Amino acid sequence: MIENEVSVEANVSEANVKQSGRNDKDQYKVEQEPFYQQQKNEVALYEAAYRNRLPVMVKGPTGCGKSRFVEYMAWKLNKPLITVACNEDMTASDLVGRYLLEANGTRWLDGPLTTAARIGAICYLDEIVEARQDTTVVIHPLTDHRRTLPLDKKGELLHAHPDFQLVISYNPGYQTLMKDLKQSTKQRFTAFDFDYPDAALEAQIVAKETGMDAAVAAKLVKIGGVARSLKGHGLDEGISTRLLVYAATLIKDGVAPTDACRMALVRPITDDADIRETLDHAIDATFV
Amino acid sequence: MTETAYQHPLMAAYWKQLDTRFPQIEAVFEDVMAEALAVLTAAGRDAYLEAARAVGKLGRGVEPMLAFMEEWPSTAKVVGETALPAVMALIQRMQKSPNGRAITPFLQTLAPVAKRLQSQEQLQHYLDVTLDFMERTTGSIHGHHTTFPSPGLPEFFAQAPNLLSQLTLAGLKNWVEYGIRNYGTHPERQKDYFSLQSADSRAVLQRERHGTLLVDVERKLDLYLRGLWQDSDYLVPYSTAFDEIRKPVPYYDKLGIRLPDVYDDTGEISGLDRYRATLAHIVGHRRWSEAQVADNWSPFQRMAVEFFEDCRIETLLIREYPGLRRLFLALHPRPVEDACDPQTTSCLRHRLAMLSRALLDPDHGYVDADLNDFVARFHAVMDKDESSTGEIAALALSYVAKTRRQSDQFARVHFDDTVVDYRDDNRQLWKFIEAGDEEEAFDEERKFEPGEEIHGLPPRHYPEWDYASQTYRPDWVSVYEALHPSGQASDIDRLLAKHSALAKQLKKMLDLLKPQDKVRIRYQEEGSELDLDVAIRSLIDFKGGATPDPRINMSHRTNGRDIAVMLLLDLSESLNEKAAGSDQTILELSQEAVSLLAWAIEKLGDPFAIAGFHSNTRHDVRYLHVKGYGEHWNDDVKARLAAMEAGYSTRMGAAMRHAAHYLGARKADKKLMLILTDGMPSDVDAHDERLLIEDARQAVKELDRDNIFTYCISLDPKADEYVGDIFGRQYTVVDHVERLPEKLPELFVALTK
């Protein structure tokens, strides 16, 4: 069995079976324009990178809009996007592909990375540091001038489709000694450094994403700022833009702001009683 | 004298009933009677007079009677007149014991005590505590008639109102209990304790206080500053317990923010929120206030500027976090508009406090025209932007000029409801161009005599467990830490060479212990990789028509080893003894054993520290670092180990707590503290031998709570009698001390397998 985290792969396989080897590109297309608020000039820079098929690395804390950015770019460039959420148990074969048993023998099944290289999609490996280091090295031949993927178990050398591009994301925040990218991996990518947008922009994002009025959005962002300045003092990570959007969604649904904030902003991020109390106080002091 | 003619016939009757000749009583009689008649019933009045008569006839002079007559009416008003028999009973007991002299202080503080206690039931508890105290501290010699009065009792009565303002009755009881237990046999120290002179007494008082202690919420406040205000500073407590007359006010300076050590809850505002209000106010000053030149302004003008500026920064704070308004208003006094009479009293403070309230509270309800005018002007200024200290000072000055009255100069100042206690003293708001303008020049530069240079680190204080009362003695033990002196590293190498055969054997065991990085887990239904052998077997089953085994995957697990170790060596005098059946001292054998163990752990790669300890009374527990976690098993460490010497006693609990403070800071899954000792915990100043055993046991419990596994290796053949009490089942007694060098590493290996 395959882990549920790589469910994309399962879809690929079924598509493969039904259409006897023909890859269905369209299912990976991003149909609707995702909302993305440009912070600087990252859209233009990404387009330049894509024109030259340079691999891209997106760094930044959790929930700051990395995945949204990649999704938006895929939409803008009108290319299919295959996303793989990496995890510790993922092996090289989860990316590349494997043999499956069938009633009358075994059958090769392309992994998401192989599929992307075949059909010319943007392959997005989310939270790449979560994967083990021996797993991440399989992407190396795809990221330099060779642009090939050797499928050694199958005995095939796959040449990547001209549209193929590799994007990885990682969160330097909880990088420990154990979880860091090898230099040899890092130095194959061009990189974007993301961070939470400044307060005004973030309030605008929360407002636009949820249709919340600007004043409440600004208050939510303020509470987010409180938690972010506690990072390193008992919090590993501040409150993300994503959580702020959750809170705004709850408020929009009629939940009292103080309850919504406790539920969406505070309880998820910490079990530390002192921090919880401080954040609760910040909520009470902000929403009157 | 006794035939004084009272105007009123009833007064004369009462006087007769009292049956006394003291002229001092006569002088105050009419006044106290008037008060008594106002609060007492007829029966209560008779009982009062009767009791006063009895107190007067005790033969202890006028003092007790005077105290009783003055104190009882107000006491009865609070707790009810039915409490009288209980009070009289206690007086009788005191009279019959040698403590008769304590009757006067008892009666003198009765009214304030009753005021604190508020009910007859509580008062009864207080009397019980007192009686118990009296009986336990009244000494007798040889059990005969020569008995001594309790030394602490009069002091206790003198302190009682003050104590009860800070403690609950239960707290008082604990405080008294502590004093009796520790100083029961020492009259002078007992006096010091009960008059709140000794450090101990204050420390215990501090522990028993009610309210929110700064130390308990320090982290929360730190997070508050950091999180909500992006500010941080040292929070330094000052004591509020012992300054009766002039209560200190919060302030901040270069060295940190000074806050009271404890805040009681007021109304619905918790102590923690009071701290937050104070911190927010101080942050406001740090952000927005600018120091003003004070020389040209009068004290009144300065006071007005302070009030206005405080309100300005609070308005800005509320702008940032609107919820602060509720907090500030709950803590801000609400002066009543005509509480102050300008004909007789200086009302400036009152006017400013009202204004301050009105500036923050939209629903202030004051009608004064000037006040409302200035509130409007203040808001007009603030609505534009955040204004500045200078601009707001100008507004304050014009307010003073506008509302000025002749009576502001009066000496009698209206203070009620004008103190805003969460605000700081505004010392940072002023700068003086000319020094010494004031009558008293406090800020003269003083020369400091170069003091003695401090050697080593300052001591750390640890509590000690008192099993008799099941409480900690706060900050009881002082631990001094230092690096162990060095000797010859080659000595240790020689010892290791001597045990080379043993080392070889050990090495084999260690190889088995070393982490094998990847372990394969086979037969997994869900795994990371296909296990081909099993898969093919399953396939064959499948093709053969049998049910195939679905567990055809495998996965990997890293087999890590994450243990931090602390080896704590008892370096007490008894180590110098020769081990039974050997010509080496226990110290030498320990050195060998520790060397081997250190070598072994270094091979394994576990983080590892060694420290030794001994003690010479609770004031001098020495903790000597032999090897730190950052150091390798090198010549420096060996040299320190070689210089190991034995002396003094074994105060184990304090050393364990100190070692735990290092071990606890390690990031490791498992934390192991090994304690190598040759005898029971003891010290020259601990007469009760259970005391330090129980303390060590308590330390083990504390460590256990912090996820530190303690294990004792005892070299005392008689250790079975006590070591189990301390360590539960986590100990080994090594009977043949000469085999320690091989036993110790083996034990470690077994423990960490």
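## Helix 9 of chain A

In this predicted model, helix 9 of chain A comprises the 12 residues 199-210, and its end C-alpha atoms lie 16 Å apart.

Several residues of helix 9 of chain A are buried, namely Glu202(A), Ala203(A), Ile205(A), Val206(A), Ala207(A) and Thr210(A). The buried residues of this helix pack against two other helices of chain A: helix 10, formed by residues 214-228, and helix 11, formed by residues 241-252. Directly after helix 9 of chain A comes Gly211(A), which has a positive phi, near 75 degrees.

## A three-stranded sheet in chain B

Chain B contains an open sheet of three strands, arranged in the order 4-6-5 with mixed pairing. Strand 4 (235-238) and strand 5 (251-253) of chain B each have a single partner strand and stand at the edges, so one side of each is left without a neighbour in the sheet. From one strand to the next, the twist averages 30 degrees.

Strands of a sheet pair through backbone hydrogen bonds, in either a parallel or an antiparallel manner. Strand 5 of chain B and strand 6 of chain B, the latter covering residues 256-260, run antiparallel and are joined by three bridges. Within strand 6 of chain B, Ile257(B) is the bridge partner of Tyr252(B).

## Overall composition of chain B

Chain B has 28 helices and 20 strands. Of its 753 residues, 37% are buried.

Contacts in chain B may also be considered by separation along the sequence. Among those between residues at least 6 apart in sequence, 71% join residues at least 24 apart.

## Confidence of the prediction

The average pLDDT of chain B is 84, and 93% of the residues score at least 70. Within chain B, confidence is highest in helix 14 (residues 271-288), at a mean of 93, and lowest in strand 1 (residues 139-140), at a mean of 68.

One stretch of chain B calls for separate mention. Over residues 446-454 of chain B, pLDDT stays under 50. For these residues the model has zero contacts beyond four places in sequence. For the complex, the predictor gives an ipTM of 0.71 and a pTM of 0.61.

How values were computed:
Residues numbered from 1 in each chain as written. Chains lettered and ligands numbered in written order. Predicted model: local features only at pLDDT ≥ 70, side-chain atom pairs only at ≥ 80, totals over all residues. Helix = DSSP H or I, 4+ residues; strand = E, 2+ residues; numbered from the N terminus. Expected span 1.5 Å × (residues − 1). Buried ≥ 20, exposed ≤ 12 C-beta atoms within 10 Å, placed from the backbone. Contact = placed C-beta atoms within 7 Å. Pairing = 2+ DSSP bridges. Axes fitted to C-alpha atoms, helices over the stretch in contact; angles between N-to-C directions. pLDDT = per-residue confidence, 0-100.
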